[in-house]
Amino acid sequence: MGSGTYTWVEHHPRPSSPRSPLTLGSGLDTVIDDPAAYQAVLDAIRGIDEGRAEAFRRTTRWWWGRELREPLDKAPLPVLAAVEKALADLPVR
């Protein structure tokens, strides 16, 4: 090749990571790293109690080693059922 300007382009598609079925026993780190799962949880809570959804969004500490059920431990059963259903309805990749 002679003098001049050249450009090389390589495409490195980001591999999609598999999504295992999620439950209340799933790790908080797993949920927060999956935007669709996080949004599904928020929407499920919001559908029953807007204030609880906002509190969950603002106060949850997304630490590794904690389960999703921990910040929801005082939630009423309908909220827990809605979250479980929303997670179960997510497609498994």
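Predicted model: local features only at pLDDT ≥ 70, side-chain atom pairs only at ≥ 80, totals over all residues.
Residue numbers start from 1 along each chain as its sequence is written, and side-chain values use heavy atoms, with hydrogens and water left out. Local features need pLDDT of at least 70 and side-chain atom pairs count only at pLDDT 80 or more, while totals for chains, interfaces and linings use all residues.

Helix α2 is a handy place to start. Spanning residues 35–46, α2 has twelve residues and reaches 16 Å from its first C-alpha to its last, close to the expected 16 Å (1.5 Å times one less than the number of residues). Helices here are DSSP runs of H or I with at least four residues, numbered from the N terminus. Buried residues (under 20% relative accessible area, 1.4 Å probe, protein chains only; exposed is over 50%, partly exposed in between) in α2 are Ala37, Tyr38, Ala40, Val41, Leu42, Ala44 and Ile45. They pack against α1 (28–32), α3 and α4 (77–88).

With α3 (residues 50–59), α2 packs at an angle of about 145°, the axes being 7 Å apart; axes are lines fitted to C-alpha atoms over the stretch in contact, and angles run from 0 to 180 degrees between N-to-C directions. On the α2 side, the contact (heavy atoms within 4.5 Å) is made by Tyr38, Val41, Leu42, Ile45 and Arg46, and on the α3 side by Glu50, Arg52, Ala53, Phe56 and Arg57.

Val41, Ile45 and Phe56 turn up again in the largest nonpolar core, which has 23 residues, and they are among those with the most contacts inside it. Such a core is a set of buried Ala, Val, Leu, Ile, Met, Phe, Trp, Tyr and Cys residues joined through side-chain atoms within 4.5 Å. α2 gives the most to this core, with seven residues. Leu68, also on the most-contacts list, touches Val41, Phe56, Val83 and Leu87, among others, once neighbours within four places in sequence are set aside.

As for aromatics, the whole structure holds three pairs (Phe, Tyr and Trp rings, the six-membered one for Trp, with centres within 6.5 Å; planes under 30 degrees apart are stacked, over 60 edge-to-face, the rest tilted). Tyr6 and Trp8 make a tilted pair, 6.1 Å centre to centre with 40° between the planes. Phe56 and Trp62 have ring centres 5.6 Å apart and planes at 90°, so this pair is edge-to-face. Phe56 is buried at 4% relative accessible area, whereas Trp62 is partly exposed at 22%. Ring pairs also bring in Tyr38, giving a cluster of Tyr38, Phe56 and Trp62.

Notes: Helix = DSSP H or I, 4+ residues; strand = E, 2+ residues; numbered from the N terminus.
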